[in-house]
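Subject: Structure handover

Hello,

Here is the structure for your files. Please open it alongside this note; my findings follow below.

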Amino acid sequence: MNFANTPSFTSQGLGPGARLILCVLASLALLVGDSHFGLMDRARDAISVLLYPIQRAVNLPLTAGRHIGDFFVTQAELKQENDRLRSVELAQSGRLMRLQMLERELAQLKALNQLKVGRSDRGQLAEVLYTARDPFSYKIIIDKGLDAGVKPGLPVIDEQGLIGQITRVQPLTSEITLIINKNQMVPVVNLRTGQRTLLYGYGGGVEVRYLSSGSDIRPGDQLVTSGIDDLYQEGIPVARVTRVDRPAGAAFARVLCQSVAGVQSSRYVLILPARSAMPPEPAPAPEPAVKKKKKTTDEDAG
Amino acid sequence: MSYDRPQELLKPIRRRFITLTFTVALLMELLPLPVGSTRWLPDLVAMLILYWAINQPRRIGVGMAFLIGLIADVTTAGLFGQHALAYCITAYLVQLRQNQLVMFNLGQQALVILALLQANQLIMVLVRLASGAAFIGWGYFLPPLIGALLWPLLNKLLLLPYRHHSV
């Protein structure tokens with residue numbers, strides 16, 4: 001029988017110091033392996049299949065609670081929401097009619113000019129399962145994975161704008177890296193001036209880097225995706241400029257932005273399909289995103 | 001501090017119970033909590049490791065802390081080895097002074113726990129900085145304070161099933 005403080009005369013094996021050294025070495029090896037070579041991705045995929053049912057089971061009480069909460073909404077609330085939705089629908093149907101006309105017109109014009117219509121409107125709705133507990137990385141996990149045909153690199157939006165990009169696909173879930181994650185890049189265009197730049201996440205927010213301090217950018221400018229990276233469709237709202245500093249003597253302006261979408265708060269997200277009507281790429285397989293977007297800065301719009 | 005330990009004989013603690021506590025703590029890591037909560041929620045798994053390393057040093061040592069840390073890495077989807085490294089180092093620090101720590105009262109223990117939990121956070125921050133993450137602000141060192149405040153409660157809770165009068 002083991003009591004708490006029995007002196008361990010009979011204990012064998014390594015002393016605590018040696019064990020510590022072993023464990024520290026093992027974890028350092030794992031750290032290096034994970035951060036430099038990504039060796040653990042496969043292991044994590046395998047584990048995630050095991051983890052998924054557990055996750056669902058753990059989430060069950062919460063989802064049940066949410067459903068029960070949904071069931072007991074008052075009639076007044078429903079009425080109010082219904083009225084609001086109806087007015088929104090009315091407003092939107094007007095815009096939709098105009099949009100349909102414009103789309104037809106655009107298709108005709110493009111057909112005339114022998115351009116392909118690049119924009120497809122299908123999307124896949126997914127529910128956010130949970131946000132990763134790791135406070136260093138801005139990632140969320142959604143309930144669609146390989147089984148639903150999700151591929152790494154696809155953009156993800158909510159009802160207001162871009163929230164991120166799929167970076168890791170597991171059999172039943174997938175991971176979205178949010179645009180505010182460190183070094184997550186989005187090629188954007190300034191709606192007011194038409195200037196193309198890159199929007200960088202810096203861990204908790206977004207900013208525009210490498211914009212010369214003389215360039216025309218003001219607080220309040222809207223940034224939308226520019227669509228010249230064969231990844232994001234053009235025109236998805238991404239961020240709004242909140243502050244522009246032009247420090248004397250620095251080559252670049254410091255442009256702080258605020259993301260438009262509820263990057264960390266939306267419960268339902270839409271996975272947009274890959275852009276299909278692009279000319280065949282020279283590279284064999286689309287790499288997950290981050291490295292590919294560098295070429296956008298000095299390309300020209302079509 | 002009026003609460004001195006050890007003051008009563010406890011039933012021997014089963015391995016099953018230790019496993020159960022860790023299972024519950026790791027499952028709680030999987031709970032989808034509101035986003036802001038990670039800013040103040042203490043690391044329950046780390047607190048359990050410290051608790052068992054103080055009170056059951058023969059069961060939970062450096063090696064077990066390492067293994068549990070690996071599981072925590074998977075559940076939090078962080079960097080592989082980050083929790084494992086932090087946990088095994090703090091478990092070792094506990095082992096060095098275990099026979100003193102176990103005689104401390106809860107207030108003194110809470111202070112030590114505060115220092116150890118901060119050491120955990122510090123190790124994890126350093127690991128992440130080394131692997132190229134941005135520093136996420138001093139708010140990251142808030143959860144250990146709350147953890148230390150909750151330490152007496154955790155003790156009471158874990159002793160509850162092993163009081164003799166509850167037989």
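How many residues lie between E4(A) and E5(A) in the hairpin they form? There are 4 residues between E4(A) and E5(A).

First, the ground rules. This is a predicted model, in which local features need pLDDT of at least 70 and side-chain atom pairs count only at pLDDT 80 or more, while totals for chains, interfaces and linings use all residues. Residues are numbered from 1 along each chain as its sequence is written, and chains are lettered from A and ligands numbered from 1 in the order in which they are written. Helices (H or I, at least four residues) and strands (E, at least two) are DSSP runs, numbered from the N terminus.

Confidence

The predictor gives the complex an ipTM of 0.77 and a pTM of 0.66. Chain B has an average pLDDT (the predictor's confidence in each residue, from 0 to 100) of 84. In chain B, 87% of the residues score at least 70. Of the elements of chain B, helix H2 (residues 44-55) has the highest mean pLDDT, 93. Helix H3 (residues 62-76) of chain B has the lowest, 87.

The barrel in chain A

Six strands of chain A close into a barrel, in the order E1-E2-E5-E4-E3-E12. The pairing is antiparallel. On average, neighbouring strands of this sheet are turned by 45° against each other, direction ignored. (Axes are lines fitted to C-alpha atoms, for helices over the stretch in contact; angles run from 0 to 180 degrees between N-to-C directions.) Two strands pair if DSSP finds at least two bridges between them.

Take E5(A), residues 174-178. A residue is buried if 20 or more other C-beta atoms lie within 10 Å of its own, exposed if 12 or fewer, and partly exposed in between; C-beta atoms are placed from the backbone. In E5(A), 5 of the 5 residues are buried, so the strand is largely enclosed by the rest of the structure. Both of its faces are covered. One side has A:Ser174, A:Ile176 and A:Leu178; the other has A:Glu175 and A:Thr177.

E5(A) has E2(A) (residues 139-142) as an antiparallel partner, joined by 4 bridges. E4(A) (residues 162-169) also pairs with E5(A) in the antiparallel sense, over 5 bridges.

Next, E12(A), residues 268-271. Its covered face carries A:Val269 and A:Ile271. Its uncovered face carries A:Tyr268 and A:Leu270. E1(A) (residues 124-131) pairs with E12(A) in the antiparallel sense over 4 bridges. There, A:Ala126 stands opposite A:Val269. E3(A) (residues 155-157) is joined to E12(A) by 2 bridges, again antiparallel.

A:Ile157 has a partner in each of two strands. In E12(A), its bridge partner is A:Leu270. In E4(A), its bridge partner is A:Leu162. E3(A) and E4(A) pair in the antiparallel sense over 3 bridges.

Helices

H1(A) runs over residues 16-37 and has 22 residues. From first C-alpha to last it reaches 30 Å, close to the 32 Å expected at 1.5 Å a residue. (The expected span is 1.5 Å times one less than the number of residues.) Its buried residues include A:Leu20, A:Cys23, A:Leu30 and A:Leu31. Seen down the axis of H1(A), the buried residues fall within an arc of 110°, so they line one face of the helix. The arc is that of the directions from the helix axis to the C-beta atoms. The face turned away from the buried side carries exposed residues, among them A:Leu25 and A:Phe37. A:Gly38 follows H1(A), with a positive phi near 60°.

H3(B) has 15 residues, and its end C-alpha atoms are 21 Å apart, in agreement with the 21 Å they should span. Its buried residues include B:Phe66, B:Ile68 and B:Ala72. They pack against H1 of chain A, together with H1 (15-30), H2 and H4 (82-96) of chain B. Contact here is taken as C-beta atoms, placed from the backbone, that lie within 7 Å.

Two single residues

A:Tyr210 has a phi near 55°, a positive value in a residue other than glycine. A:Tyr210 is in the loop between E8 (206-208) and E9 (222-225) of chain A. With 12 C-beta neighbours inside 10 Å, A:Tyr210 counts as exposed.

B:Leu159 lies in H7 (residues 143-159) of chain B. B:Leu159 is partly exposed, with 14 other C-beta atoms within 10 Å. The C-alpha atoms of B:Leu159 and B:Lys11 are separated by 9.7 Å, with the two residues 148 apart along the chain.

Best wishes

Note on methods
Contact = placed C-beta atoms within 7 Å.
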